[in-house]
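Subject: Structure handover

Hi,

Here is the structure for your files. My notes follow below it.

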Amino acid sequence: MGTLCDITILKIGGSIITDKDADNGIANYDEIKRIAGEISKHHGKLIIVHGAGSFGHPQAKKYELTEKFDAKGALITHESVKILNYIVVESLANAGVNAIGIHPMSNTISENGRIAQMFLKNIHLMLGNGFVPVLHGDVVMDTKLGTSILSGDQIVPYLAVQLGGARIGIGSAKDGVLNDEGDTIQTITSLNFKDIKQYIGGSESTDVTGGMFGKVVELLQLCEISGINSYIFNAGKIGNISRFLDGANIGTMITK
Ligand SMILES: Nc1ncnc2c1ncn2[C@@H]1O[C@H](COP(=O)(O)OP(=O)(O)OP(=O)(O)O)[C@@H](O)[C@H]1O
Ligand SMILES: [Mg+2]
């Protein structure tokens, strides 16, 4: 068993593994299979977090889960994203990865939309024993709101801090964070963020957790509190996930 700092946390965006323009759960099976193949070549400790895409955002929007408590809507959304998690885990298993689905609804409590507590002892043990935990954006119980939406983009930095450091990659549908000319911004820090934030928006599709802007804010906060860098890159380009897992720094780096 190595130290915990050699952990990699990879988020796979819902914009890649689902048809994010659909209004109800459509999986991109071919992409999921390709990505599972790239992940299967990696041998270090790895946590996968996947987004919800059309298995969560349209449902959360329909039941206005970011505005009000709705038990039925919360359950429909949770059940939907669990189906996507099952598809991802099954595909990883078919590629030879010892993947295990972990549903945030079952191990996390939020307060006003921010993670207050997540049970991590099983995740520690899984990493030590060669399992690959696969978490996802989910609906979770919330001490103030009843339930709230927990974005995969919030789970990734939380895990990195709690596990004492990790290499972080956020795979999405663009080559990184793009500027007004569509070029990839190489580095984002809290200093240049003030100038470039005008170019960073939500999602082109339905996204209840802030799209690209939400990601950058989470990751800037992460490096402010912990010094951990992260990379936002295009997971839709063949080989990019392998490249990232092999140690290449691709896409946009978020750093201090
Ligand atoms: N400056 C920008 N650079 C890149 N993408 C941007 C920018 N501004 C807005 N976006 C949008 O943000 C989207 C990425 O965020 P989104 O939350 O939709 O993806 P995801 O994380 O892959 O999906 P999910 O939330 O389902 O996991 C891009 O596809 C694009 O539409
Ligand atoms: Mg998103």
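Is Gln-59 buried or exposed? Gln-59 is buried, at a relative accessible area of 5%. Buried means under 20% relative accessible area, exposed over 50%, and partly exposed in between, with a 1.4 Å probe and protein chains only.

First, the ground rules. This is a predicted model: local features need pLDDT of at least 70, side-chain atom pairs count only at pLDDT 80 or more, and totals for chains, interfaces and linings use all residues. Residues are numbered from 1 along each chain as its sequence is written, chains are lettered from A and ligands numbered from 1 in the order written, and side-chain values use heavy atoms, without hydrogens and water.

Back to Gln-59. It sits in helix 3 (residues 57-62). Helices (H or I, at least four residues) and strands (E, at least two) are DSSP runs, numbered from the N terminus. A polar atom of the Gln-59 side chain lies 3.0 Å from the backbone oxygen of Ser-54. Beyond four places in sequence, Gln-59 contacts residues including Asp-23, Asn-24, Ile-76 and Ser-80. Contact means heavy atoms within 4.5 Å.

Next, helix 2 (residues 29-40). Its buried residues are Ile-32, Arg-34, Ile-35, Ala-36, Glu-38 and Ile-39. Their cover includes strand 1 (7-12), helix 4 (71-94) and helix 10 (240-245).

Last, Leu-222 in helix 9 (residues 211-226). Leu-222 is buried, at 2% relative accessibility. Leu-222 and Tyr-158 are 64 residues apart in sequence, yet their C-alpha atoms are 8.1 Å apart. Leu-222 also touches Pro-157, Ala-160 and Val-161, among others.

Best wishes

How values were computed
A polar contact is a pair of N or O atoms within 3.5 Å; within protein, one must be able to donate a hydrogen and the other to accept it, and residues adjacent in sequence count only if both atoms are side-chain atoms.
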